[in-house]
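Subject: Structure for your review

Dear colleague,

Please find below the structure that I am handing over to you.

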Amino acid sequence: MEFTKASLIAFSGTIHVMALKSSKRMNCYARNLSINTGRKGMSNAKGARALPLSMVIGYGSGDFGLNLFYTGLNLYLLYYYTDVVGLEPGIAGTIFMTALLWDAVTDPFMGVIASRTRSRFGRYRPYLLFAGPALGASFVLLFAAPVLWASSVTLACFLSHFLFRTVYTVFGVPYASISAAMTTSGKARTSLSGARMQFATMGAIATAFLTPWLAERFGQGDLIRGYMLTAVVYACFAEGVFLLAFFSVRERVETDAKSLSLRDTLKVTRGNHAFWILFAGVVLNALASTVFTKSIVYYARYIIGEPAAVREALTLYTIAAAAAVLAWTALARMTSKSRVLTVGLLLNACALFALYVLAPEDKGLFFLFVILAGIGMAATIVAFWAMLPDTVEYGEWKTGIRDESIFFGLFQFSQKAASGLGVGAVGLILQAIGYVANTDQSSQTLSGLRLMAFLLPAIFALLATLIMQFYPLKGRRHEEIVALLKERESV
């Protein structure tokens, strides 16, 4: 089955898929925000121990299940809406955009709920157990709703998409946050980040290759039926993986909780400079990835002249990132996470600048630099996720307050907000350069496509590199801060 242009536009960078969920804290919820003092947690010797391999693999495997959903949504759902169900592309795109914004808005609320949760399973683990089945069911409903409510297809797609995004948040925020509650070791967190991204890219590649094949086999000429049955298979498999993650992980960094006033809430977020520098870097990096992966569909079709090259390019981009994750993880352990991040951002920027300058019409040269960009992107994902938990300890050291969910929530919001801005920018730029679908483009439009697809993302990547030079947790600084927190508590 061939992709239409609409189906490919939905792809927002599979390697970015799991990244990250959260949002600005709402003032009306800040007064009741539950946070962690961290003192009990930092005295817990378990938190500093190396994690068993089974726990690292079990945690990382959860991202394989999530990518069965998220990659299927990003890569195939728009095609399903437009070419199978029959929605107009503009309506389908609007559903995606508004659902993504809703996704970002719900993250902080879920961060508050997860932070306040207390159970015999811990603070975050219950959501892996109980939200998993609901997530699978909502994914199946994405494909079933247009059939079940055929008289109101647009409304059915809108509501089912919003439901999926909501349940995804309920599962995803606690899943992301639990890594900071598993260990205080920077090296162990790097291993968790690497395992997670490795499984994420494996799930993304499997979904990209299997989904159209399964839909055709199951559908036997009826693609609606084929996609629904494929969604059921993914939901069942993902639930097995989620159960594996639930039984594998443990929250070993114990923390106490208390309610914060609005003043204290502002203090815990505003005083964490390391987090806000990382936040800015993530926003710029997400903009680079989103604009690049959304734009090259037009470049491949109108400059290279082969629409199918987009699928090949994005597959190579993802495979290159997956192959590079382990190497970047090992390098981060041997050197530092901030150094790996800088190298990855620079590699990404250089590859994109080369594509802009050379403007290759040959697929081989085009694919070469796409692969280099994928390798660079893998470094940023590994590093960003490994550095985020470190900012929790930095914030605790600066303010005396610890709460993983606040920062994980804001961090994931940065990804989604940036992705939304990136998609909007692509649409506005296409209109500004005079793009007209399914016709030969003018030389001015083709120049604009090159600028949008390569130069703009390269600038974003370079700006992210410059901002990250101000990151305060370089070298062994994080280990020193953890030691200081332990000393502070022992006094």
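How close do the axes of H6 and helix H9 (residues 223-248) come, and at what angle do they cross? In this predicted model, the two axes come within 9 Å and cross at roughly 175°. H6 and H9 are therefore roughly antiparallel to each other, since angles over 145 degrees are counted in that class. The contact of H6 with H9 comprises 21 nonpolar, 2 polar and 2 charged residues.

Helix H6 (residues 125-148) also packs against helix H7 (residues 153-182), the axes coming within 8 Å and crossing at roughly 160°. That angle makes H6 roughly antiparallel to H7. The crossing of H6 with H7 is left-handed. By class, the residues of this contact divide into 22 nonpolar, 4 polar and 1 charged.

A further helix pair involves H14 and H17. The axes of H14 and H17 come within 10 Å, with a crossing angle of roughly 45°. That makes H14 oblique to H17, and the crossing of the two is left-handed. From H14, the contact is made by Asp390, Glu393, Tyr394, Glu396 and Trp397. From H17, the residues in the contact are Arg477, His478, Ile481, Val482, Leu484, Leu485 and Arg488. Taken by class, the contact of H14 with H17 holds 6 nonpolar, 1 polar and 5 charged residues.

The space in the second largest pocket is about 300 Å³. Its lining consists of 19 residues, and those nearest the pocket centre are Thr335, Ser336, Lys337, Gly475 and Glu479. The lining of the second largest pocket divides by class into 5 nonpolar, 7 polar and 7 charged residues.

With kind regards

Key
Residues are numbered from 1 along each chain as its sequence is written. This is a predicted model: local features need pLDDT of at least 70, side-chain atom pairs count only at pLDDT 80 or more; totals for chains, interfaces and linings use all residues. Side-chain values use heavy atoms; hydrogens and water are left out. On a 1 Å grid over the protein atoms alone, a cavity is a set of points where a 1.4 Å probe fits but cannot get out, and a pocket is an open set with protein on both sides within 12 Å along at least five of seven lines; lining residues have an atom within 4 Å of a point. Grid points are joined across faces, edges and corners, and a volume is the space filled by probe spheres set on the points. Ala, Val, Leu, Ile, Met, Phe, Trp, Tyr, Cys and Pro count as nonpolar, Asp, Glu, Lys and Arg as charged, and the others, Gly among them, as polar. Axes are lines fitted to C-alpha atoms, for helices over the stretch in contact, and angles run from 0 to 180 degrees between N-to-C directions. Helices (H or I, at least four residues) and strands (E, at least two) are DSSP runs, numbered from the N terminus. Angles under 35 degrees count as roughly parallel, over 145 as roughly antiparallel, 65 to 115 as roughly perpendicular and the rest as oblique. A crossing is left-handed if the near helix is turned anticlockwise from the far one by less than a right angle, and right-handed if clockwise. Contact means heavy atoms within 4.5 Å.
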